[in-house]
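The following paragraphs lead through one structure, from its overall architecture to the surroundings of individual side chains. Please keep the sequence and the coordinates at hand while reading.

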Amino acid sequence: MMKMLHEDLGFVGNIWVRQNTMEAIGDTNGGHAHQHDHVTLLVKGSVEVQVGEYPSKTFVAPTFIVIRKGLSHKFTALEDETIYYCVFALRDIDGDPTEIIEDRHIPYSLATTEPNLWEEFIEWRNRQQGNK
């Protein structure tokens, strides 16, 4: 039986990262399309990638794979324990980039170091970006 295991996902700023592990040869992500371009970082193993009606192509780690928006794509493991990461910019409903920071992927919590540190950081970052 083919299966796909999503081990971890998270985001910081406007970057979404999802780690995917395909446990056995032949495991697949089932195929899907996105409304945005994204990159896949293949860090272990090898995959066959089928994009739309184009001929499939083999990729071997370490490498990255660019997937253009609107194209259906399917990854199939060619090795056991193949690991890849999907990476793309988070967008709001209008398609504009948006920012989120998830505390569990920060080695320390800003909220626990100093009570006002997070707010001070946001103010500093907004000044750096020319925002009010």
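Two strands are said to pair if DSSP finds at least two bridges between them. By that criterion E4 (46-51) and E7 (residues 73-77) are a pair, joined by five bridges and running antiparallel. Within this pairing, Val 51 has His 73 of E7 as its bridge partner.

The model discussed here is predicted, and its confidence deserves attention before any detail is read. Over the chain the mean pLDDT is 79, with 66% of the residues reaching 70 or more. The lowest confidence falls in helix H1 (residues 110-113), where the mean is 51, while the highest is found in strand E5 (residues 57-60), at 98. Where pLDDT is low, the predicted coordinates should not be read in detail.

The chain contains two helices and eight strands. Read from the N terminus, the order of the elements is β-β-β-β-β-β-β-β-α-α. Of the 132 residues in the chain, 32% are buried.

With E6 it pairs in the antiparallel sense over five bridges, and His 38 stands opposite Ile 67 of E6. Five bridges also join E3 to strand E8 (residues 82-89), again with the strands running antiparallel; here Val 39 stands opposite Val 87 in E8. In a regular strand the side chains alternate between the two faces of the sheet.

Strand E7 is mostly covered, four of its five residues being buried.

A contrasting case is Ile 25, located in the loop between strand E2 (15-22) and E3. At a relative accessibility of 57%, Ile 25 counts as exposed, since the exposed class begins over 50%. Ile 25 and Thr 76 are 51 residues apart in sequence, yet their C-alpha atoms are 7.7 Å apart in space.

Finally, the open space of the model may be considered. Rolling a probe the size of a water molecule over the atoms shows where empty space is left. The largest pocket holds about 160 Å³ of space. Which strands supply its lining? Strands E4, E5 and E6 (63-67) each contribute at least two residues to the lining of the largest pocket, and E6 gives the most, with three residues. The residues that line the largest pocket include Val 49, Val 51, Lys 57, Phe 59, Ile 65, Ile 67 and Arg 68. By class, the lining of the largest pocket comprises nine nonpolar residues, two charged residues and no polar ones.

Note on methods
Residues numbered from 1 in each chain as written. Predicted model: local features only at pLDDT ≥ 70, side-chain atom pairs only at ≥ 80, totals over all residues. Heavy atoms only, no water. pLDDT = per-residue confidence, 0-100. 1 Å grid on protein atoms, 1.4 Å probe; cavity = no way out; pocket = protein on both sides within 12 Å on 5 of 7 lines; lining within 4 Å. Points joined across faces, edges and corners; volume = space filled by probe spheres on them. Nonpolar A, V, L, I, M, F, W, Y, C, P; charged D, E, K, R; others polar. Buried < 20%, exposed > 50% of the residue type's maximum accessible area, 1.4 Å probe, protein only.
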